[in-house]
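This report goes through selected places in one protein chain, one topic at a time. Please keep the sequence and the structure in view while reading.

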Amino acid sequence: MKRKWGLFLYPLAAFLLPMVITIIAFGLHGIAPLGSKNILVSDLATQYLPFFNFMRTQLVQHTYSAYSLLLSLGDNTLPVYTYYLMSPLNWLVRFVPETAVPLLMEAIIIIKIGLISLSMQLFLQVRSKQANLMQLLAGLSYGLCGFVSMYFYDFMWLDALILLPLLTWSLDRLFYRGKWGSYLLILSLTIVVNYYMGYMLCLYSVIYFVYLILLNQRPETGFFQFFKQHRRLVCKYLGASLLAASLAAFLLVPTVIGMLATGKSSLNPVSFLPIPRFLPSVFTALGVGATNFASRLNHEPALFVGSLFTLGLWLYWLSPLITRQRKRASFWLVGAIFFGMLISTFDTMWHMFQMPAGFPFREVYMLSFVVILLGYDAWQAGAFYDRSSLIKAITLTISLLLAGYLTAYLEKMIVQVTNWKFTYVGANHWHLLVALLLIIFIGMLLWYQASHRASFLVKLALLFGVSLELGTNFSMALGGTDEYGEQHRFATAFQQSKKIIDRHTGHQKDFGRTNLDNRLYKASFNINYNQYNDALLFNFFGVNSYTSSMNKNTHDALAQLGLYSRNERRISVNGVTPVTEQLLRLDQRLVIEQDGSYRVHHDARNRGLGYAVSKQINTYHPVSNQVFTNLNQLVQKEQGRINNYFSANQIELAQVQKQAGIYRYTVKTTPRITGKQYLAIPTSSPNQPLAVKVNGRRLKTSEHQLGAEIISVGKFAKGQTYTIQFNSSTKLANLQNNLVGFDDAGFDRYVTATNPYRLKISHPERLKLKGHDFKGTIKTTTKRPVVLISLPYDRGWQLTDVGKPVKIKKTVGGLMSVHLTPGNHVLHFKYQTPGLRLGMLISALGLVATAGFWWWFKDQNKRGVD
């Protein structure tokens, strides 16, 4: 009876206890449910909240759109779903109000941590055919490992930790029993739930399968000879792996095609150099507090699994109770993952051949898993009761920890001397002290347990000690409380903002994009919030976007015209000019102040999804780092004649001083044309302190983070000299390329003349839910035969004119255009996700092949074929 209760209670404890620890750690930082704060920081605020709201809208409206015009200028939605939103728990967003989505995301994180722990505990329970306390401790250590503490902000990855023990179980089942079905299904599921982590788990399956071979091959049998002797087993493994990929192809193929259309498709040769990615300071992670929220973007591998299983790994290698063959096999299992992170070449391959931009070493959870697995095996073999080996393991752990802190101290000195921007280790001597005390405490309990194996109090103390250490590390990883916002303040700002935005964007009679500066909503955060995905959040057509699946054509076309872009995953409306307002169809500017008041400016001439221009637009070729040249050329090609609306100012006086790597400019300049004045500064840092002053007065900008390549500095008359001061991280070669005036009156005449040739969209309100199928009308002439469409070029679009196919061309560095005969036209836009049909065909063939694979081995079993 006691044994049966254990089979139930240990899994229940493995699920509930890490969730309780997480809730307590959140509560200590004032985070709900035991506090009033939310966790809208990092990617949770800028990406997941808007994406969840977008998914919620689709679920509430019972619809799905293959293309959305809420993703910047428009984009394929499938990569967003497959990269961010495929976890089954995400469907719960359907049942909560919009203001409660942050609390739901927190609940999902807590539940996933419980499921990670449960998955590990059940794996070990099934594997050893018994239930015990060590399995519970293993589940806790895995559910609250360093990866979870540092990376839960990107909780789409946590599903991989839940599936890893199941995948390992299925590989064991395949290897030892020849049962391949569970492996095929679980591997398919990992790819579907998150293809990025699914790719990593495919690499892990190869490493683990080789480990099983090394673990079981006879001494007289060579590695490749084992393959020959077990051809059937190897065939099952390879066949099931390929079939798993084919079954997931209905999502995998269109996702891969979609991601190839992003800026992440290009390879950086430097990333493949065989250089080390980290130093011995990595061993600070053997103790608590080595990594925290402040170092989330740049840090060394989060190796932390707690003292118990760190000691367990050393005991596995030190104890004479573990055979040499098992140790050699374990060297491969641990070494393949560890050195895969250490050497840049392999680490880049782990990350789908792209070096991560923040949150590095995303494969480290696999190392945590195998360390805990080997530690548990050491316990099962009795190595924890070998006091001699235990002393060596404790000494080794403390020595490595001290060596890590010594190296970290040296690194910090180097950083201070060289003015390097990032410190990779956030720990200090207080973290070291706490870590040492916890390691010694766990070590003493193990020492005492060696002679009191069945002592209930020792087991209870060990459970308490492990929980305390894991909870302490998780709490330390959360960092300070300044970053976390107040949930009530967020909810209030969200509701007020939504009412205002809906009032001005909810009932559009024609398509138009909104330049939103929502200072009310921004003030509800304690982070530098840049409004990247607010179009998804508040359901309006905008320009800003931040997603790993951003269409490269969107990014390139806009960045070359002066809009701010920190990297290939982000684009901001900052840097917009009247020329880009017309191009992007920005028909209104909405500013919501912190007190809830607002002001709005409309320009009905910019409505519509595009407009007819000269055929010369197809000869537009942007010049790198010459935004004003590009803007002038754009309008010239649209008009079919030379007319510069941006004119370089005359530089009267220019002074520059270099301080701490920053160039400080003071420039006296005279406009050659009456109108708005613009400053362009190439940026190399997202937080570049520009400190722009015009005639001694500090320039107010819409963003805390100055850095748009084009900045409006005011309106001046021709010949009216003014002085401007600013900083630049790079020396400017020719200031006349950076300070220009704009012919407002002349460009207004051009916009008015273009107004009759707008691409008018029928029922634009439907585009928010179904952006993949819509119609529009336009008039073209002999002088204006080309329709310039403010959508990024995408092979998925099919366009017809009164039923006749029309060829779409790529123009303006990444947008769409079509050439039409003079007259009135009715255009029908339909979007088909590229690769979807091919993927579904491959998946269908995969199902057939799976049935054939099953029949083949079943027939062989009947015939007794080996």
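## Thr 669 and its polar contacts

The side chains of Thr 669 and Asn 649 are joined by a polar contact of 3.4 Å. A polar contact is a pair of N or O atoms within 3.5 Å; within protein, one must be able to donate a hydrogen and the other to accept it, and residues adjacent in sequence count only if both atoms are side-chain atoms. The side chain of Thr 669 also reaches the backbone oxygen of Gln 650, at 3.1 Å.

Thr 669 belongs to strand β11 (residues 662–670). Helices (H or I, at least four residues) and strands (E, at least two) are DSSP runs, numbered from the N terminus. Is Thr 669 buried or exposed? Thr 669 is buried, with a relative accessible area of 0%. Here buried means under 20% relative accessible area, exposed over 50%, and partly exposed in between (1.4 Å probe, protein chains only). Not counting residues up to four places away in sequence, Thr 669 touches Asn 649, Gln 650, Ile 651, Glu 652, Gln 720, Thr 721, Tyr 722 and Leu 739. Contact means heavy atoms within 4.5 Å.

## About the model

This is a predicted model, in which local features need pLDDT of at least 70, side-chain atom pairs count only at pLDDT 80 or more, and totals for chains, interfaces and linings use all residues. Residues are numbered from 1 along each chain as its sequence is written, and side-chain values use heavy atoms, with hydrogens and water left out.

## Two further residues

Thr 397 is located in helix α17 (residues 387–418). Thr 397 is buried, its relative accessible area being 1%. Leaving aside neighbours within four places in sequence, the residues in contact with Thr 397 are Leu 286, Thr 310, Leu 311, Trp 314 and Ile 439.

Gly 823 lies in strand β25 (residues 823–831). With 24% relative accessibility, Gly 823 counts as partly exposed. Residues up to four places away in sequence aside, Gly 823 touches Ile 778, Lys 779 and Thr 780. Thr 777 is 46 residues from Gly 823 along the chain, and the C-alpha atoms of these two are separated by 11 Å.

## Helix pairs

Two packed helices are described by the angle between their axes and the distance between the axes. Axes are lines fitted to C-alpha atoms, for helices over the stretch in contact, and angles run from 0 to 180 degrees between N-to-C directions. At what angle do α7 and α9 pack? Helix α7 (residues 158–177) packs with helix α9 (residues 195–216) at about 35 degrees, and their axes are 10 Å apart. The crossing of α7 and α9 is right-handed. A crossing is left-handed if the near helix is turned anticlockwise from the far one by less than a right angle, and right-handed if clockwise. Residues of α7 in this contact include Leu 164, Leu 167 and Phe 175, and those of α9 include Leu 201, Tyr 204 and Phe 209. By class, the contact of α7 with α9 has 14 nonpolar, 3 polar and 1 charged residues. Ala, Val, Leu, Ile, Met, Phe, Trp, Tyr, Cys and Pro count as nonpolar, Asp, Glu, Lys and Arg as charged, and the others, Gly among them, as polar.

Helix α4 (residues 101–128) and helix α5 (residues 133–143) pack at about 145 degrees, with axes 7 Å apart. α4 passes α5 in a right-handed crossing. Among the residues that make the contact are Ile 113, Ile 116 and Ser 128 of α4 and Gln 135, Leu 136 and Gly 143 of α5. The contact of α4 with α5 has 8 nonpolar, 7 polar and no charged residues.

## Backbone details

The peptide bond from Ala 32 to Pro 33 is cis, with omega near 10 degrees. Pro 33 sits in the loop between α1 (2–28) and α2 (42–60).

Gln 531 is not a glycine, yet its phi is positive, near 60 degrees. Gln 531 lies in the loop between α21 (519–522) and α22 (534–538), and Gln 531 is buried, with a relative accessible area of 3%. Val 812, also not a glycine, has a positive phi of about 50 degrees. Val 812 is in the loop between β23 (809–811) and β24 (815–819) and is buried, at 1% relative accessible area.

## Cysteines

How many disulfides are there? With a disulfide taken as a pair of cysteine sulfur atoms within 2.5 Å, the count comes to 0. Cys 202 is in no disulfide, and the nearest cysteine sulfur, that of Cys 235, is 18 Å away. Cys 202 is partly exposed, with a relative accessible area of 27%, whereas Cys 145 is buried, with a relative accessible area of 0%.
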